[in-house]
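Here is a walk through one structure, from its aromatic pairs to a patch on its surface. Keep the sequence at hand while reading.

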Amino acid sequence: MTRRTINLYFLRRYLVSFASTLVAVFALTYLIDMIEVSRRGASADVGFATIAMISALRVPAFIEQAFPFIILFSSIFTLVSLNRKLELVIARAGGMSVWQIIAPFAFGSFLIGVLSVALYNPIAAAAQAHSERLQTGAAGVVTQSSDRSPWLRQKGKGVESIIGAKAISDGGATLGGVTAFILRDEGVVSERIDAAQAHLQNGEWRIENPLVTRVGSPPVREKLVLLPTTLLPEFIEQRLANPDAISIWQLGSKIEVARSLGYNADAFAMRFNALIARPALFVAMTLVAATVAVRYTRLGQSTGTIVGGVAAGFVLYVVTFLAQALGSNSVIPAVVAAWFPVVAAGLFGTTILLHQEDG
C-alpha cells in the first residue's frame, strides 16, 4: 500500500509538471507563430482574426514535434524538485531502487505517448488541415515546409505547364497561392498565371480571377482559366502535402494508395513509423532525464543538471532529425529510421543508470 501511494504521488507530480510545461510551450509557440504569420500576412491584407485562427490551428502540430523535449524537461524538473525536497532520498532510504522510482515516470510517459498518438495526433492533424484550408483562402500566406517540392510539371490536352503553390488542402484538390507557367513546344515559357486559388476538377485546374501575363503583353486580369492536367490528387498531395497534417488513422491508406499508383510514399511511411515508436521514445526520454536528475544534488547544483539535460536533448534531436531525413529519402528503411533514436536513447539511459547505481 505504501509503495502504491508513493508511485501515485510521483505519477501525479510528473503529470502536473508535464501539463504546466505543455501550457507554457503552447503559449510561447502561439505567440511566436502569430508574429511570423502576421508578418507574412501583412502584404496580403489578411485580417487579424484570420491570422490568429491560422496560428492557433498550426500550433498543435508544432507542439507535437516538441513532445519529446517536453517529456525530457518535465521529467528533469520533477526529479530535481523531488531531490531538492529530499523525497527521493527518503524513498531510496525506504528500500526503493532507482528503477522502482523511475517506474511511475516511465508509465506516465508511455501513457502520454499512447494518448498523443491515438487522440492528440488526429486532433492536431485536423487542426492543421483546417489551417491549410484557411491558408489557401488567404492566397497561401503561410508557406509549407521547405523540404517538400513546390513545383509540379504537368501535361494535358496538348498543353504542357508547370504549377506551384504555397498551400495545399482537400487532399491535393485545392491549391493556394498558385503560380503556373504555360510552356511552348520547345519548352519556352509563353505565359504566367498567378491566382489565389486553383481547384482540380475533371482533369483540369479551375483558376478563378487569375492575373495572366503573356510574353510581350501587360498583365491582364481574367475571370477564369482552365489549365488541363493529368495529375491525380493523390500524387499532388504526396508531393506537396506535409505528412504532419495527416492523422495516423489515415496514413496507412495514404501509403497504400500512393504505392499502388507507383508513387514514392517514404515520407508518409517515415511519419507513420515515427508515430508508432513515439510511446517508446517518451519512455527513453524519461530514462535520459533520470541519468542527470535522479541522483541526489546539493543546493546550487541544479544548473549543471539542467544543462546536461539540454545537451542530451539536443544530441537526441540531431540524431532523430538525421534518421528521419534518411528514412524519408529512402536511404535507410523507415522502420529502422524511426526506431534507431528510440533504441539509442533507451540504451544510453539504461547504461548510465546501471553504471551510477551498480558501478
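Predicted model: local features only at pLDDT ≥ 70, side-chain atom pairs only at ≥ 80, totals over all residues.

Residues are numbered from 1 along each chain as its sequence is written, and side-chain values use heavy atoms, with hydrogens and water left out.

Start with the rings. A search of the whole structure gives eight aromatic pairs. Rings of Phe, Tyr and Trp (its six-membered ring) pair if their centres lie within 6.5 Å; planes under 30 degrees apart count as stacked, over 60 as edge-to-face and the rest as tilted. Phe18 and Phe67 are stacked, because their ring centres are 6.2 Å apart and their planes stand at 25°. Phe18 sits in helix α1 (residues 2-41) and Phe67 in helix α2 (residues 48-84), so the pair ties together parts that are 49 residues apart in sequence. Helices (H or I, at least four residues) are DSSP runs, numbered from the N terminus. Buried means under 20% relative accessible area, exposed over 50% and partly exposed in between (1.4 Å probe, protein chains only). Phe18 is buried at 10%. Phe67 is buried too, at 3%. Elsewhere, Tyr9, Phe10, Tyr14 and Phe105 form one aromatic cluster.

Helix α1 also holds Thr29. Thr29 counts as buried, with 19% relative accessibility. A polar atom of its side chain lies 2.7 Å from the backbone oxygen of Val25. Contact means heavy atoms within 4.5 Å. Neighbours within four places in sequence aside, Thr29 is in contact with Val59, Phe62 and Ile63.

Now turn to Pro60, in helix α2. Its relative accessible area is 14%, so Pro60 is buried. Which residues does Pro60 contact, leaving aside its neighbours within four places in sequence? They are Phe26, Tyr120, Ala124 and Ala127. From Pro60 to Tyr30 is 30 residues in sequence and 9.2 Å in space, C-alpha to C-alpha.

Finish at the surface. Phe314, Val315, Tyr317, Val318, Phe321 and Leu322 form a nonpolar patch there, with about 610 Å² of accessible area together. Patches are made of residues with over 30% relative accessible area and no salt bridge; nonpolar side chains (Val, Leu, Ile, Met, Phe, Trp, Tyr) are joined within 5 Å, like charges within 9 Å. A salt bridge is a side-chain nitrogen of Lys or Arg within 4 Å of a carboxyl oxygen of Asp or Glu. Areas come from the Shrake-Rupley method with a 1.4 Å probe. Phe314 is in helix α9 (residues 302-328). At 56% relative accessibility, this residue counts as exposed.

Terms used
Helix = DSSP H or I, 4+ residues; strand = E, 2+ residues; numbered from the N terminus. Polar contact = N/O pair within 3.5 Å; in protein donor to acceptor, adjacent residues only side chain to side chain.
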